[in-house]
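User: Hi! I'm new to this one, could you walk me through it?
Analyst: Happy to, here it is.
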Amino acid sequence: MSKNKGFSNTSAQRYSLALYELSTEANSLDNIEQHSVAILKLIDSSKDFNDLIKDPTENQKNLISIINKISENFKLDNLLKNFMTFLIKKKRFFYIEKILKNFIEICSEKRGEVKAEIQSAKELSNEEINKITEDLAQNFSSKIKLNYKHNKSLIGGLIVKIGSIMVDTSIKNKLQQIENRMIEA
């Protein structure tokens, strides 16, 4: 199983890089990145589409027909549609989610963005998220690509992770530290 997992990660990264290079050559990188985000949202929001992707018994002609319909509805860039058709023909379409996520990460890295994750106990407004993003960008002297999640289990506070740096100011973490000290005593 670990061989399979390594193969899928390696394959996904290669396909992602190929999509990046093709998009760059075709001068449609921004367009394809936006469409990739749209496809990922579709995968997340549609259980039927997600199941279809992961079904190894699905007919190639049927998959290609579905991709053509999705391409029409979303007005996808032809390069992305052809790329997905290529994955179907190569029996690699079940990697599409991983490939597109890697592709978006490659785009982000090439723009010099640093990935950051924030979890908060209270729901943050767009204004608060933008302010945090600006502060982080200033402190790290880099563009920040922020992934925000509202996490009710934190009770209060924030968890901020930038690259390998993590700051956990959540009440849940503080309570866990107190509990650990009590157990050790």
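Predicted model: local features only at pLDDT ≥ 70, side-chain atom pairs only at ≥ 80, totals over all residues.
Analyst: One term to start with: helices (H or I, at least four residues) and strands (E, at least two) are DSSP runs, numbered from the N terminus. Residues are numbered from 1 along each chain as its sequence is written, and side-chain values use heavy atoms, with hydrogens and water left out.

User: Is lysine 75 buried or exposed?
Analyst: Lysine 75 is exposed, at a relative accessible area of 66%. The cut-offs are under 20% for buried, over 50% for exposed and partly exposed in between, using a 1.4 Å probe and protein chains only.

User: And what is the phi of lysine 75?
Analyst: Phi is near 50 degrees there, which is positive although lysine 75 is not a glycine. For background, most residues other than glycine have a negative phi.

User: Which loop holds isoleucine 155?
Analyst: Isoleucine 155 sits in the loop between E2 and E3. Its phi is also positive, near 70 degrees, and isoleucine 155 counts as exposed at 56% relative accessibility.

User: Okay, new topic. How many residues are in the largest nonpolar core?
Analyst: The largest nonpolar core has 33 residues, and those with the most contacts inside it include Phe49, Leu80, Met84 and Phe103. A nonpolar core here is a set of buried Ala, Val, Leu, Ile, Met, Phe, Trp, Tyr and Cys residues joined through side-chain atoms within 4.5 Å.

User: Which elements give two or more residues to this core?
Analyst: They are helices H1 (2–25), H2 (29–45), H3 (47–54), H4 (60–74), H5 (78–89) and H6 (96–110). H6 gives the largest share, 7 residues.

User: What does phenylalanine 49 touch?
Analyst: Leaving out residues up to four places away in sequence, phenylalanine 49 touches Leu42, Ile43, Ile66, Ile67, Ile70 and Phe93. Contact means heavy atoms within 4.5 Å. There is also a second, separate core of 6 residues, and Ala116, Ile118, Val160 and Ile162 are among them.

User: At what angle do the axes of H2 and H3 cross?
Analyst: They cross at roughly 100 degrees and come within 5 Å. That makes H2 roughly perpendicular to H3. On the H2 side the contact uses Leu42, Ile43 and Ser45, and on the H3 side Lys47, Phe49, Asn50 and Ile53.

User: How are those angles taken?
Analyst: Axes are lines fitted to C-alpha atoms, for helices over the stretch in contact, and angles run from 0 to 180 degrees between N-to-C directions. Under 35 degrees counts as roughly parallel, over 145 as roughly antiparallel, 65 to 115 as roughly perpendicular and the rest as oblique.

User: Now the sheet: what is the order of the strands?
Analyst: The order is E2-E1-E3-E4, an open sheet of 4 strands with mixed pairing. E2 (143–150) and E4 are at the edges with a single partner strand each, so one side of each has no neighbour in the sheet. From one strand to the next, the twist averages 15 degrees.

User: Which way do E1 and E3 pair, parallel or antiparallel?
Analyst: E1 (residues 113–120) and E3 (residues 158–162) are antiparallel, over 5 bridges. Two strands pair if DSSP finds at least two bridges between them. Isoleucine 118 is opposite valine 160 of E3.

User: What about E3 and E4?
Analyst: E3 pairs with E4 (residues 165–168) in the antiparallel sense too, over 4 bridges. Isoleucine 162 has isoleucine 165 of E4 as its bridge partner. E3 and E4 form a hairpin with 2 residues between them, and glycine 163 in the turn has a positive phi of about 60 degrees.

User: Last one: where is threonine 133?
Analyst: Threonine 133 is in helix H7 (residues 126–140). It counts as buried, at 18% relative accessibility. Apart from neighbours within four places in sequence, threonine 133 contacts Ile144 and Leu146.
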